[in-house]
Amino acid sequence: MSSGSVAPYTYTPLNLLKDGTVVNVCGVVKFFKPPYLSKGTDYCSVVTIVDQTNVKLTCMLFSRNYEDLPVIYKVGDIVCFRGLKIQLYKRELQGISHYGFASLAFDGALGSPVIQRTSSTSFSFTVGDHNMVEALRAWASTHVPASSTSLKLSDAQPMQYCDLTCQLLGKAQVDGASFLLKVWDGTMTKFPSWRVCIQDLVFEGDLSHILRLQDLVIDIVVYDNHVHTAKSLKIGSFVRIYSLHTKLQPVSSESMTSLIRMEFHLHGGTSYGRGIRVLPESNPDVDQLKRALESADLAAIQPSNDTCQSENKDNCLTPSSSTSDLVSLYEVERCQQFCATTLTDHHYLEKTPLCAVLKQKAPQQYRILAKLRSYEPKQLFQSVKLLCPKCHSLQEVPYEENVDKILQDAATKAPESKLQCTSLYDSEVWSTEGQGGRQVAVHFMKSDGILPLSNECLILIEVLGIVPLQYVFVMAFTFDDGTGVLNAYLKDSEKFFQIPASEILTDDNLQKNLEKIMNVICPPGIQIDAYPWLECLIKSYNVTSGTEKRICYQIFDTMVTEDII
């Protein structure tokens with residue numbers, strides 16, 4: 001602490017702030033977003049504070065350097081901001097970092113040492129500052145509830161968002177928009193963690209150590225803007241992951257037909273304070289984490305030779321196993337989630353998250369892994385349409401009593417009188433006898449551009465002027481992979497469902513099969529977390545309607561697995 005002779009700063013209570021002023025304020029953190037890259041070149045952090053006046057102030061803080069933003073670890077920390085500009089935004093006052101802005105942050109727990117966190121050498125700390133912090137601590141202990149989102153892995157429940165303090169054991173780039181983190185906190189989840197296949201990934205970390213820890217280690221997949229931070233993390237560092245999403249997934253494998261695995265995702269964006277923060281070893285929560293790691297009961301999770309069942313004895317590896325063996329074990333243990341579709345082509349395409357698909361221009365082709373959130377039409381028989389192979393237009397399947405009228409109308413309609421001859425044929429319009437003078441178009445096929453003799457000439461008549469239409473399934477699918485939601489069309493005659501669309505309306509068994517398939521890939525009455533994954537090929541294309549331009553998506557070269565049919 002600096003000498004008491006340093007001139008004290010004057011702090012403005014939050015209820016006395018005025019638009020257009022530059023002030024110094026102190027408060028208790030009610031909400032914050034860890035520093036993240038803004039759309040420009042600066043890092044940004046959002047912090048909402050409150051003081052003894054019960055007035056809240058949201059502050060937008062920017063800096064070119066990550067380290068210059070407030071070092072906040074959790075709700076309840078105390079911050080002091082100097083050089084904060086106050087401005088009116090949407091009828092509410094907010095704080096904006098100003099030239100010369102500096103910050104201090106402190107642990108908000110009563111009785112903890114008053115240790116300042118700052119990167120500014122110009123921020124002196126006086127006795128008055130110390131007293132201000134202690135006063136805020138005392139007030140917050142009865143007026144600001146502690147964060148309820150922080151928990152241990154052993155307390156993790158499905159379908160919740162939580163803050164996790166853990167140690168990083170391994171990491172790998174999954175694809176351009178997602179990154180894998182292997183972490184632990186010394187406790188075990190109620191359900192085994194879903195494993196990401198690392199066989200084809202460049203993995204960093206001690207796999208033999210990770211294997212020894214078995215189910216104490218979980219896999220976390222982080223997306224989009226968090227990938228940059230995840231890449232910079234050092235193996236062995238202690239981190240806090242904010243707004244981590246947990247959910248359950250049923251999975252299957254060759255030896256196990258029904259399993260439940262816990263998934264952990266840090267979704268893209270910064271909503272609800274999503275982010276990652278490295279904790280220093282001096283942090284009190286790190287001391288508590290270290291004790292938990294040291295006391296973890298590894299003997300309780302180590303497989304022994306006498307407990308290996310015959311069907312999985314080959315999977316029990318010793319800590320001295322080679323790296324390739326360890327990778328193979330992960331491939332076996334991860335128990336891939338049940339996938340209800342297969343690809344018929346384009347296997348070279350890498351999987352792309354929906355959030356990345358939605359950001360790219362058309363036309364493109366993608367391989368996605370997602371769940372079918374919903375589909376239309378719900379009345380499955382309405383999905384069968386008639387497709388014109390010539391103009392690609394769609395028509396409803398006519399009722400049987402309407403077919404006669406369609407044929408009669410086509411028979412009475414005269415063919416186009418101005419027929420054009422081509423290098424392939426000459427065309428004429430003839431009148432029939434005994435049929436009311438009905439006219440038909442006759443095409444005389446040429447050979448090498450020359451019309452043959454009459455007895456050698458091939459003659460084509462389109463008697464009723466009808467172009468044969470094709471039965472197709474036409475449906476709208478809404479996919480969700482946790483990173484985004486995408487609408488795609490299915491237009492297929494028999495490949496996707498492996499059911500001919502031309503027979504579905506007349507065969508009750510085929511209709512039951514179609515209903516069974518849809519109930520498997522989009523099960524009614526349960527949450528989407530229990531839905532199976534669908535691996536699909538989709539292609540994007542541009543559509544113009546008047547002045548409006550948009551991108552649409554269509555499923556192709558994909559079919560449901562045979563065990564569903």
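Is Lys-290 buried, partly exposed or exposed? Lys-290 is partly exposed, with a relative accessible area of 25%; here, buried means under 20% relative accessible area, exposed over 50%, and partly exposed in between (1.4 Å probe, protein chains only). The legends below concern a predicted model, in which local features need pLDDT of at least 70 and side-chain atom pairs count only at pLDDT 80 or more, while totals for chains, interfaces and linings use all residues. Residues are numbered from 1 along each chain as its sequence is written, and side-chain values use heavy atoms, with hydrogens and water left out.

**Figure 1. Confidence along the protein chain.** The average pLDDT (the predictor's confidence in each residue, from 0 to 100) is 79 for the protein chain, and 75% of the residues score at least 70. Over residues 1–6, pLDDT stays under 50, and the model has eight contacts beyond four places in sequence for this segment; a contact means heavy atoms within 4.5 Å. Where pLDDT is low, the predicted coordinates should not be read in detail.

**Figure 2. The disulfide of Cys-26 and Cys-80.** The structure holds one disulfide, defined as a pair of cysteine sulfur atoms within 2.5 Å. The sulfur atoms of Cys-26 and Cys-80 are 2.3 Å apart. The link is right-handed, with 100° about the S-S bond. It joins distant parts of the chain, since Cys-26 lies in strand β1 (residues 22–37) and Cys-80 in strand β4 (residues 78–89), 54 residues apart. Helices (H or I, at least four residues) and strands (E, at least two) are DSSP runs, numbered from the N terminus. Both Cys-26 and Cys-80 are buried. Another cysteine, Cys-44, counts as buried because its relative accessibility is 2%.

**Figure 3. The surroundings of Ser-383.** Ser-383 is placed in the loop between β14 (364–376) and β15 (384–387). With a relative accessibility of 0%, Ser-383 counts as buried. A polar atom of the Ser-383 side chain lies 2.6 Å from the backbone oxygen of Leu-380. Residues up to four places away in sequence aside, Ser-383 touches Pro-377, Val-472, Phe-473, Val-474 and Met-475.

**Figure 4. The salt bridge of Glu-134 and Arg-137.** A salt bridge is a side-chain nitrogen of Lys or Arg within 4 Å of a carboxyl oxygen of Asp or Glu, and by this rule the count comes to 14. The closest N and O atoms of Glu-134 and Arg-137 are 3.6 Å apart. Because the two residues are three residues apart in helix α1 (residues 127–143), about one helical turn separates them. Glu-134 is partly exposed at 29% relative accessibility, whereas Arg-137 is buried at 1%.

Figure 5. Glu-535 counts as buried at 13% relative accessibility, while Lys-351 is partly exposed, with a relative accessible area of 38%. Elsewhere, salt bridges that share partners join Lys-182, Arg-195, Asp-215 and Asp-219 into one network.

Key: A polar contact is a pair of N or O atoms within 3.5 Å; within protein, one must be able to donate a hydrogen and the other to accept it, and residues adjacent in sequence count only if both atoms are side-chain atoms.
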